[in-house]
Amino acid sequence: MLPAGGSTGAVQVGILHALAERAIVPDVVVGCSVGALNATFFALEPGVEQARQLARVWQMLSRRDVFGPVGLRTLARVIGRRPHIYDPKPLRSLIRSLIPVEDLADVPVPAHVVTTDLDVGLARWWTTGPVDELLYASACLPGLFPPSVIDGHRHVDGGVLEPVPIARAVDTDASVIYVLGQTFGPGDAAPRMGALHVLLRSFGISRYAGLPDPASLAHVGQRVIVVPGAPVAGLDITDFSQSDRLIRDSTARAHRFLDGLDVSSAASHLMV
């Protein structure tokens with residue numbers, strides 16, 4: 001399972017690399033927000049080379065590539081009471097460049113992507129539908145990007161209701177479920193924060209509050225494994241400058257963890 005996390009999604013990339021190097025590849029992927037994008041890209045051709053390619057993407061990624069330039073237009077949206085702060089074009093362009101299929105059902109490894117239906121207040125799961133729109137909607141941080149309209153309803157970040165979608169994962173037939181990264185909220189706050197940082201941090205705290213131990217949700221015969229990655233305490237989820245370090249450290253840490261793990265090669269694997 002690949003959870004939400006903005007720029008901390010680089011941790012997932014490092015863990016994916018470690019799993020692929022051990023020939024642990026998924027039969028199903030479940031993703032939320034940035035985890036949905038990572039999961040879908042990896043599901044196109046699961047393996048070491050795809051993990052390396054995803055790492056190269058993240059190593060070149062900048063804040064501007066996702067949020068665009070910050071200037072007078074951004075300020076005008078805030079002053080003009082628009083429902084979003086940033087231009088969605090850079091994020092949409094990034095998604096189109098990474099995923100060369102049109103329908104989610106065409107991804108070789110089945111992918112489950114979650115969005116939050118803003119109009120009715122429910123999580124909505126997708127396994128088919130327009131890839132570009134679904135991945136944008138799943139990663140659409142409310143207030144930062146404009147909602148996506150799907151089937152006549154406005155949709156925003158799936159992490160609002162399903163930041164770590166364990167329940168969806170255990171409802172599959174996979175016998176082993178890998179959770180890529182720790183499942184807790186942000187660590188200590190920076191000494192000084194602007195209004196946007198306060199908003200994002202508050203969102204991060206609220207969505208992780210009260211999450212159960214992932215292993216406690218496993219069905220009979222299932223095993224849920226939380227694979228640790230690099231620590232991300234204090235990292236701004238809009239800051240992509242640490243991606244290379246997070247990937248390298250997460251790969252190394254995941255390998256150390258996996259060294260002591262006993263998982264049958266015959267097991268069906270799900271990554272979430």
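In which loop is Ser-33 found? Ser-33 lies in the loop between S1 and H2, helices (H or I, at least four residues) and strands (E, at least two) being DSSP runs numbered from the N terminus. The model is predicted, so that local features need pLDDT of at least 70 and side-chain atom pairs count only at pLDDT 80 or more, whereas totals for chains, interfaces and linings use all residues. Residues are numbered from 1 along each chain as its sequence is written, and side-chain values use heavy atoms, with hydrogens and water left out.

The protein contains 10 helices and 8 strands. Of its 272 residues, 51% are buried, where buried means under 20% relative accessible area, exposed means over 50%, and partly exposed lies in between (1.4 Å probe, protein chains only). Among the contacts with a separation of 6 or more, 75% are accounted for by residues 24 or more positions apart, a contact being defined by heavy atoms within 4.5 Å.

Strand S1 (residues 28–32) has 5 of its 5 residues buried, and it is therefore largely enclosed by the rest of the structure. Both of its faces are covered, with Val-28, Val-30 and Cys-32 on one side and Val-29 and Gly-31 on the other. S1 runs parallel to strand S2 (residues 111–117), to which it is joined by 4 bridges, and the partner of Cys-32 in S2 is Val-114. S1 is also joined by 2 bridges to strand S8 (residues 269–271), again in a parallel arrangement, and here Val-28 has Leu-270 as its bridge partner. Pairing of two strands requires that DSSP finds at least two bridges between them.

The loops on either side of S1 hold two residues of note. Ala-23 is placed in the loop between H1 and S1, and it counts as exposed because its relative accessibility is 65%. The C-alpha atom of Ala-23 is separated by 9.5 Å from that of Pro-46, which is 23 residues away along the chain. Ser-33, in the loop between S1 and H2, is by contrast buried, with a relative accessible area of 5%. The phi of Ser-33 is positive, at about 55°, although the residue is not a glycine. Most residues other than glycine have a negative phi. A positive phi, near 55°, is also found for Asp-151, which belongs to the loop between strand S4 (148–150) and strand S5 (153–157) and is exposed, with a relative accessible area of 62%.

A nonpolar core is taken as a set of buried Ala, Val, Leu, Ile, Met, Phe, Trp, Tyr and Cys residues joined through side-chain atoms within 4.5 Å. The largest such core has 65 residues, of which Trp-58, Ile-99, Phe-145, Tyr-178 and Met-271 touch the most other members. Its largest share, 8 residues, comes from helix H1 (residues 9–21). When residues up to four places away in sequence are not counted, Trp-58 touches Gly-6, Ser-7, Gly-9, Ala-10, Val-13, Val-34, Asn-38, Phe-240, Ser-243 and Ile-247. A second, separate core of 14 residues includes Val-30, Val-164, Ile-166 and Ala-169.

Two further helices contain buried residues. Helix H7 (residues 131–138) is mostly covered, 6 of its 8 residues being buried, namely Val-131, Leu-134, Leu-135, Tyr-136, Ala-137 and Ser-138. In helix H10 (residues 243–259), Thr-251 counts as buried at 12% relative accessibility, and with the same exclusion of residues up to four places away, it touches Gly-14, His-17, Ala-18 and Glu-21.

A cavity is defined on a 1 Å grid over the protein atoms alone as a set of points where a 1.4 Å probe fits but cannot get out, and lining residues have an atom within 4 Å of a point. The cavity is lined by 21 residues, and Gly-6, Val-34, Val-66, Leu-91 and Ala-139 lie nearest its centre. Helix H2 (34–43), helix H3 (48–60), helix H4 (63–67) and helix H6 (89–98) are the elements that give two or more residues to this lining. By class, the lining has 15 nonpolar, 4 polar and 2 charged residues, where Ala, Val, Leu, Ile, Met, Phe, Trp, Tyr, Cys and Pro count as nonpolar, Asp, Glu, Lys and Arg as charged, and the others, Gly among them, as polar.

Key: 1 Å grid on protein atoms, 1.4 Å probe; cavity = no way out; pocket = protein on both sides within 12 Å on 5 of 7 lines; lining within 4 Å.
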